[in-house]
Amino acid sequence: MNTTTSSLSPTDKNRLIELENKLQVARDTFLGYPVSKDFDYSEINNFFKYPINNLGDPFEGGTYKVQTHEMEKEVIAFFARMYRANPKDYWGYVTNGGSESNLYGLYLARELHPKGVVYYSESTHYSIRKNIHLLNIPSIVIRSQENGEIDYDDLESTLKMNRHKPVIMLATFGTTMKEAKDDVSKIKGILKNLAIQDHYIHCDAALSGSFGAFMEPRLPFDFKDGVDSISISGHKFIGSPMPTGVLIAKRSNRDRIAKGISYIGSLDTTITGSRNGHSPLFLWYALKTLGIEGLKERYNHSLEVATYCEKRLNDIGIKAWRNPNAITVVLPKTSNQIKNKWQLATEGDIAHVICMPNVSKKQIDLFINDLENCKEPIIETEDYFEYSLN
Ligand SMILES: *Cc1c(COP(=O)(O)O)cnc(C)c1O
């Protein structure tokens, strides 16, 4: 059977060429979404020849052997250490993205606290609302502060009224629009004050989790700070040709929901059955080649470019700002011309530039130049559904 592109008709071959050109142009002019584009996985391209499938639990042996569980476990161990998990009590797997990781965190929380209520802020990523709906857990929305961080006073008074019910707390480490970080220590303090013992904290660190450990001063978000699970996206800060994510939880919690399945000879502990076996390999490759130092360098570069971008915008009279340690620069929404060219995610009155590791000062200069030369007025539109990609 020949399924390679050599059997494509000339017209279809042309379509591939056109598609590639289109993707290239789109990739090279975007500043609005948190996706790194500077990866090179050519050294492991030959693994596309194999039908890799990581079905089952990465920490249990299974019958299907065309898998990358060993690499997956190393990826999990890397993040477990970075998030200061108890070395004897961690577990996790490589997911299809931050949304699935969040689903898993909430699923674990619900299994442990079937009568629990989820608390999350207005600025929480849309995947949380959907996941809560899928899992059918009661939930309460908490106000956000102006900078996007959860309003601790509103959280405290709301928890006080519901203190007889177990608390499933959803903290965000890097909100979608403003990259605000909910302070897990403050949340723990509130739970302690109210003497609420039955609680579970899931940290949605999809965006900022990959560089949170390098922030100075540190912001509380990890296991040592008191969370029970953390999710991140692998295709954002690290970068990957396909969407991917990581979920880290406590092994002791996972053990309480594990069920053995004889058909696969493993434990059915993951959300999907068949699982992408290539993405753990990509993540493993990225972590091996970058190491902690490489990741830290990427963060410092991003931070420098973000600081530069904020300053350049302010210099031309645009009121741009950043949350502490953030690589996201928030600015008033721009004209459609600028928004479309630079693919700026826009919500209500604001837009943002996310200085991912591939963004350079030169690109910021081009962007500023476009802003300075743009004559198109900013038109008020209803754009509640603009932010649907990430
Ligand atoms: C991107 C993001 C998600 C969703 O992650 P995907 O990998 O796109 O599924 C969830 N939460 C936050 C805060 C995010 O930034």
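**Sheet, ligand site and backbone of the predicted model**

Strand S12 (residues 350–354) is joined to strand S10 by five bridges, and the two run antiparallel. Strands, like helices, are DSSP runs numbered from the N terminus (E, at least two residues, for strands; H or I, at least four, for helices). The model is predicted, with pLDDT of at least 70 needed for local features and 80 or more for side-chain atom pairs, while totals for chains, interfaces and linings use all residues. Residues are numbered from 1 along each chain as its sequence is written, and side-chain values use heavy atoms, without hydrogens and water.

The open sheet consists of three strands in the order S10-S12-S11, with antiparallel pairing (at least two DSSP bridges between two strands). Strands S10 (328–332) and S11 (346–347) are at the edges with a single partner strand each, so one side of each has no neighbour in the sheet.

The ligand has 14 residues around it, of which Gly98, Ser99, Asp204, Ser233 and Lys236 come nearest (a residue is near if one of its heavy atoms lies within 4 Å). By class, this shell holds two nonpolar, ten polar and two charged residues. Its largest share, three residues, is supplied by helix H3 (residues 98–112).

For aspartate 204, the distance to a ligand nitrogen is 2.6 Å. For serine 233, a ligand oxygen is 2.8 Å away. Of the 380 Å² of accessible area that the ligand has on its own, the protein covers 93% (Shrake-Rupley method, 1.4 Å probe).

Two backbone features lie in loops. The peptide bond from glutamate 216 to proline 217 is cis, with omega near -5°. Proline 217 is placed in the loop between strand S5 (199–204) and strand S6 (229–233). Arginine 84 is not a glycine, yet its phi is positive, at about 50°. The loop that contains arginine 84 runs between helix H2 (69–82) and strand S1 (91–95).

Terms used: Polar contact = N/O pair within 3.5 Å; in protein donor to acceptor, adjacent residues only side chain to side chain. Nonpolar A, V, L, I, M, F, W, Y, C, P; charged D, E, K, R; others polar.
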